[in-house]
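Here is a short briefing on the structure shown below. Look through the sequence and the model, then read the points by topic.

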Amino acid sequence: MIDIKILNEPLDTASCIGNATDAACGGTASFIGVVRDKTDGRKVVRLEYECYESMALKELAKIAAHAVESWKINNIVIHHRVGVLNVGDVAVIIAVGAAHRAAAFDACRYAIDTLKITVPIWKKEVFENGEVWVSPHA
Amino acid sequence: MDINILAFGIVKEFFGGPSIALELQGRLTVAGLKEKLEATYPDLKRLRTYMVAVNDEYAEDELVIRPEDEIAIIPPVSGG
């Protein structure tokens, strides 16, 4: 099962993990991306996420399909939030259910690492004294 | 014939809005489009890198743009 969503509302960690798990799964691995309170020592007030939704959904679907194909996992859930997020808010959830743990861990790691490179989603960090579009080094 | 070019992230600031219209004259490749845009919006050259998406897919430089295509400028992504 593949479940991909981009949402403008708080994400539900428990239901993502629950949906990634079924009777054939021996384990579920998850990655929860959360808004951190500081970047390079500067206090973060909030993050503003935007996305190119039609393309982002397509790129997420490619990641999920590749993860299923490569690691023979049973289920993958990828939910990403957009809009204004505060410190401590969950920005992304990836949950992977598989027969054995190695596949679940590896596919989960692949999914978040690839998402950060290919999926057209951007965040602006808003500090107390300024704001900047994040441009991570590859 | 004008084509509409979508902007995201910092590129919206370069363009002064979420999209611009560009007149499509003759044969234009993705590489040609980048050259045209960089002439008008030199800030694009300050980006570490950026991509052009055509119809929701990352496009190669050689791809020829058609009037009905949806074009977007993709600065370095920062999801997650």
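How many salt bridges are there between chain A and chain B? The count between chain A and chain B is three. One of the contacts of this type is formed by Glu50(A) and Lys12(B), whose closest N and O atoms are 2.5 Å apart. The model is a predicted one.

**The interface of chain A and chain B**

- On the side of chain A, 27 residues are in contact with chain B, and they touch 21 residues of chain B.
- The size of an interface is often given as the accessible area lost when the parts come together.
- Here the area buried between the two chains is about 2000 Å², and carbon and sulfur atoms give 51% of that area.
- Across this interface there are 17 residue pairs in polar contact, with both residues at pLDDT 80 or more.
- Five elements of chain A give two or more residues each to the side that touches chain B: β4 (42–51), α2 (53–71), β7 (90–98), α3 (101–118) and β8 (121–127).
- The largest share of that side comes from α2(A), which gives five residues.
- Sorted by class, the side of chain A that touches chain B has 16 nonpolar residues, five polar residues and six charged residues.

**Strand pairing in chain A**

- Strands of a sheet pair through backbone hydrogen bonds, either parallel or antiparallel.
- Strand β3 (residues 38–39) of chain A runs antiparallel to β4(A), and two bridges join them.
- Within this pairing, Lys38(A) has Lys43(A) in β4(A) as its bridge partner.
- β3(A) and β4(A) form a hairpin with two residues between them, and Asp40(A) in the turn has a positive phi of about 50°.
- β4(A) also pairs with β8(A), in the antiparallel sense and over seven bridges; in this region Tyr49(A) stands opposite Lys123(A) in β8(A).
- Another antiparallel pairing joins β4(A) to strand β6 (residues 83–86) of chain A over four bridges, and Arg46(A) stands opposite Asn86(A) in β6(A).

**The sheet of chain B**

- In chain B, five strands form an open sheet with mixed pairing, in the order β2-β1-β5-β3-β4.
- Its edge strands are β2 (19–23) and β4 (57–58) of chain B, each of which pairs on one side only.
- Strand β1 (residues 2–7) and strand β5 (residues 71–74) of chain B run parallel and are joined by three bridges.
- Ala7(B) has Ile73(B) in β5(B) as its bridge partner.

**Aromatic pairs**

- A pair of aromatic rings is described by the distance of the centres and the angle of the planes.
- Over all chains the count comes to four aromatic pairs.
- In one of them, the rings of Trp71(A) and Tyr110(A) have centres 5.3 Å apart and planes at 45°, so the pair is tilted.
- This pair links distant parts of the chain, with Trp71(A) in helix α2 of chain A and Tyr110(A) in helix α3 of chain A, 39 residues apart.

**Salt bridges in the whole structure**

- Over all chains, the search finds 16 salt bridges.
- One is formed by Asp61(B) and Lys34(B), with the closest N and O atoms 3.7 Å apart.
- Asp61(B) lies in the loop between β4 and β5 of chain B, and Lys34(B) lies in helix α2 (residues 30–40) of chain B, so the pair ties together parts that are 27 residues apart in sequence.

Notes:
Residues are numbered from 1 along each chain as its sequence is written. Chains are lettered from A and ligands numbered from 1 in the order in which they are written. This is a predicted model: local features need pLDDT of at least 70, side-chain atom pairs count only at pLDDT 80 or more; totals for chains, interfaces and linings use all residues. Side-chain values use heavy atoms; hydrogens and water are left out. Contact means heavy atoms within 4.5 Å. Buried area is the accessible area (1.4 Å probe) that two parts lose on being put together, summed over both. A salt bridge is a side-chain nitrogen of Lys or Arg within 4 Å of a carboxyl oxygen of Asp or Glu. A polar contact is a pair of N or O atoms within 3.5 Å; within protein, one must be able to donate a hydrogen and the other to accept it, and residues adjacent in sequence count only if both atoms are side-chain atoms. Ala, Val, Leu, Ile, Met, Phe, Trp, Tyr, Cys and Pro count as nonpolar, Asp, Glu, Lys and Arg as charged, and the others, Gly among them, as polar. Two strands pair if DSSP finds at least two bridges between them. Rings of Phe, Tyr and Trp (its six-membered ring) pair if their centres lie within 6.5 Å; planes under 30 degrees apart count as stacked, over 60 as edge-to-face and the rest as tilted.
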